[in-house]
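Work through the exercises below with the sequence and the structure at hand. Try each task before reading its solution.

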Amino acid sequence: MKITYVRVEDRAYPRNERVREALLAAGHEVRVVDRVTGGPKPVRLLQDLWRSLTAGRGSDVVIVPEFSLPFVPAAWVVARLNRAVLVVDGFVGKYETVIEDWAKASPRSITALGCRVVDRVARTLSDVFLIDTDQRAQAIRDRAPGTRVMTLPVGSPQWVLPEPPPPAGDGLRVLYSGGMLPLHGVPFVLKALARTDPSITLTLVIAAAPERMAELHSSIGALGLTGRCHFVSWLTHEELIRTVHRHDVVLGVFGDSPKARSVLANKLWQGLAAGRTVVTRSSPALDEIVGVAGELLIAIDDEAALARTLEDLHVRRNRLPYNPEIADRLEDYVRTRFDEFLGVIAERRSRATPRTRR
């Protein structure tokens with residue numbers, strides 16, 4: 001099939017990269033329309049639409065990626081002109097991000113209403129709506145009956161390979177990678193770390209606006225963690241996996257929003273695939289993989305539990321679990337869900353009215 005990705009904000013974003021790789025591996029032709037940057041917003045949107053119309057000619061499937069839900073109506077036009085299947089990736093919802101995670105406006109505000117409309121239109125216009133966990137998929141079905149929603153796990157990129165933990169050091173080496181989104185719960189992590197043995201260290205691979213970084217450094221100083229927290233600039237794929245392999249424990253997400261309690265984040269998949277112990281906040285979403293991950297996956301409920309867990313891992317840091325087969329078992333699970341998705345879009349496409357190729 002000819003598949004067109006429209007208004008892609010970041011080709012290297014793990015979610016986006018993984019889905020495109022699966023489509024290519026299945027033998028489909030994938031065309032990517034990158035988001036236009038620079039200039040007034042109305043002009044950019046018109047340019048995005050024009051480029052999508054041009055690239056989308058003859059498409060069997062049109063996909064709207066994770067950061068572009070407001071573009072769904074335009075993508076719907078592209079899909080209908082080509083009698084193509086419209087797939088929308090709802091991994092990053094507008095309301096959950098702007099209102100629930102960032103709290104940029106009141107849930108009763110016009111901004112919140114606008115976010116709800118964006119999400120609702122995206123679900124309504126899609127032929128297939130993608131989400132990352134079964135828990136979130138069920139929530140969408142409950143909220144919007146009739147939506148054709150499918151679970152497409154984040155999974156781990158192909159460049160993440162398992163490797164035994166490094167020789168035990170003087171203290172536990174903990175890794176956090178990500179941004180300063182409330183979803184990730186960095187303040188939660190720091191407060192827990194402050195309650196642990198001083199030899200436990202935290203490496204932060206983090207990117208955020210200067211003011212957010214200043215707040216982070218201030219919090220670290222106030223908690224007495226300055227000598228225990230080390231910062232690393234944003235890394236390439238190869239550098240990131242080498243950094244993961246140099247640590248004993250990888251942290252997941254610890255936010256308190258509905259999304260934080262229902263997602264399986266990139267870092268969780270990558271940490272497990274690398275063979276590292278992963279500690280994350282408890283969530284029903286973990287039920288999908290806990291049977292595969294086994295003792296490598298540890299779920300906690302609060303800061304005190306995270307502190308206790310890190311202390312326990314510190315004590316037994318020279319005998320942490322390692323099972324390279326987990327990476328393959330996780331990949332088998334992800335591949336099964338991707339195969340279901342590929343089958344659905346192929347079936348949807350076969351039911352479309354035949355048309356003359358252009």
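**Exercise 1: a strand and its neighbours**

Task: Sort the residues of strand β11 by face; are they buried or exposed?

Solution: On one side of β11 lie Thr277, Val279 and Arg281, on the other Val278 and Thr280, and all are buried (under 20% relative accessible area with a 1.4 Å probe, protein chains only; exposed is over 50%). In a regular strand the side chains alternate between the two faces of the sheet. The model is predicted: local features need pLDDT of at least 70, side-chain atom pairs count only at 80 or more, and totals for chains, interfaces and linings use all residues. Residues are numbered from 1 along each chain as its sequence is written, and side-chain values use heavy atoms, without hydrogens and water.

Task: Which strands pair with β11?

Solution: Strands are DSSP runs of E, at least two residues, numbered from the N terminus; two pair if DSSP finds at least two bridges between them. Strand β10 (residues 249-251) pairs with β11 in the parallel sense over three bridges, and Val249 stands opposite Thr277. Strand β12 (residues 297-300) also runs parallel to β11, joined by four bridges; here Thr280 faces Ala299.
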